Amino acid sequence: MSESRLLPVPDGLEGVRADAGIARLLGFSRSFAAEVIDAGGVRVNGAVVDKSHRLAAGDLLEVEWTPRQEPTVVAAEVPGLSIVHEDDDLVVVDKPPGVVAHPALGWDGPTVLGALAAAGIAVSRLGPVERAGIVHRLDAGTSGLMVVAKSDRAYTELKRMFHDREVDKIYQALAQGHPDPSSGTIDAPIGRQPGAEWKFGITAEGKHAVTHYETIEAFPYASLLRIKLETGRTHQIRVHFAAQRHPLAGDALYGADPVLAARLGLTRQWLHAVELSFRHPGTGREVSFSSPPAPDLVAALEILAGE
């Protein structure tokens with residue numbers, strides 16, 4: 001059932017883009033406001049506008065929308081997902097590819113929270129309902145280690161530690177070609193690609209992002225890298241190496257060679273979270289967890305080593 005509002009544009013929104021103004025007026029997210037506008041649900045003084053339209057104080061704004069049905073956690077076992085560690089404060093999981101951290105609009109596949117619910121593991125209720133307990137995420141196509149908060153104190157402290165860069169996050173990645181230099185740092189801001197809802201890139205308006213890397217082994221067509229993230233932007237490793245013209249093998253979204261991916265049997269990016277270290281929010285002691293690369297990634301390396 002749709003809802004609608006008719007209201008004047010206040011002085012404080014003079015010159016503001018329509019999507020940003022509607023988000024502020026009605027409490028929408030910026031992306032949802034843009035969806036409403038793209039669907040023709042916004043009129044200014046009787047005329048349909050696009051999201052880049054600049055509002056003027058006193059304009060009559062008509063907004064009609066269908067409320068989103070918020071995603072919910074559905075308990076379901078996830079084959080291949082294992083519990084690496086569990087205590088009263090947190091649980092560390094080894095996530096297989098094809099699984100997201102929490103429910104989201106447009107995703108009907110398995111989730112880490114659904115797997116934990118199916119296993120009878122209760123998580124912290126802090127955070128938005130559909131992602132309560134989640135303190136960081138891995139892309140659906142990225143495998144490896146994730147920590148989820150069980151207690152409220154763990155949620156609060158882990159969120160702070162991730163924000164303050166007190167968590168060591170180590171990945172292994174297979175990048176096409178041979179980065180030059182073979183070890184170094186990529187420091188480039190990351191933001192959404194204009195006109196692409198799910199793709200990111202190096203943009204002047206993006207958020208600060210720093211990636212440290214070193215080459216573990218160089219193959220004829222690709223390099224196995226050890227990567228330490230200083231920041232944690234969405235798709236950070238994938239974007240940074242694609243921008244260096246060394247996309248991760250198998251990463252079709254960011255320009256990987258489909259011929260190489262097929263030869264290596266890859267149906268997703270070669271990227272695995274191998275180590276996770278932090279100060280335990282309950283005991284105060286440093287803890288560290290590790291995970292070997294997933295079987296499909298190991299198989300790809302074996303093919304490369306044999307060439």
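Buried means under 20% relative accessible area, exposed means over 50%, and partly exposed lies in between. The model is a predicted one.

**Stop 1: Asp-89 and Arg-153**

Select Asp-89. Its relative accessibility is 7%, so Asp-89 counts as buried. Zoom out to see what the pair links. Arg-153 belongs to helix H4, residues 152-163. Asp-89 sits in the loop between strand E5 (82-86) and strand E6 (90-95). These are distant parts of the chain, 64 residues apart.

**Stop 2: Arg-165 and Glu-230**

Next, select Arg-165 and Glu-230. Their side chains meet in a salt bridge, 3.7 Å from N to O. Arg-165 lies in the loop between H4 and strand E8 (168-176), while Glu-230 lies in the loop between strand E13 (222-229) and helix H5 (236-243), so the pair ties together parts 65 residues apart in sequence. Are these two residues buried or partly exposed? Arg-165 is partly exposed, at a relative accessible area of 41%. Glu-230 is partly exposed as well, at 31%.

**Stop 3: Asp-19 and Arg-30**

Go to Asp-19 and Arg-30. Here a salt bridge joins the side chains at 3.1 Å, N to O. Asp-19 is in helix H1 (residues 18-26) and Arg-30 in helix H2 (residues 30-38), so the pair ties together parts eleven residues apart in sequence. Color by accessibility. Asp-19 is buried, with a relative accessible area of 4%. Arg-30 is partly exposed, with 44%.

**Stop 4: a charged network**

Which residues are linked in a network of salt bridges? Select Glu-157, Arg-160, Asp-164, Glu-166 and Arg-279 together: these are the linked residues. Side chains of opposite charge can pair when their charged atoms come close. How many salt bridges does a search of the whole structure find? The search finds 16.

**Stop 5: Val-91**

Show what surrounds it. Leaving aside neighbours within four places in sequence, Val-91 is in contact with Ile-83, His-85, Glu-86, Leu-116, Ile-121, Met-146, Val-147, Val-148 and Lys-150. Last, draw a distance to Leu-266. From C-alpha to C-alpha, Val-91 and Leu-266 are 29 Å apart in space, and they are 175 residues apart in sequence.

Technical notes: Residues numbered from 1 in each chain as written. Predicted model: local features only at pLDDT ≥ 70, side-chain atom pairs only at ≥ 80, totals over all residues. Heavy atoms only, no water. Salt bridge = Lys/Arg side-chain N within 4 Å of Asp/Glu carboxyl O. Helix = DSSP H or I, 4+ residues; strand = E, 2+ residues; numbered from the N terminus. Buried < 20%, exposed > 50% of the residue type's maximum accessible area, 1.4 Å probe, protein only. Contact = heavy atoms within 4.5 Å.
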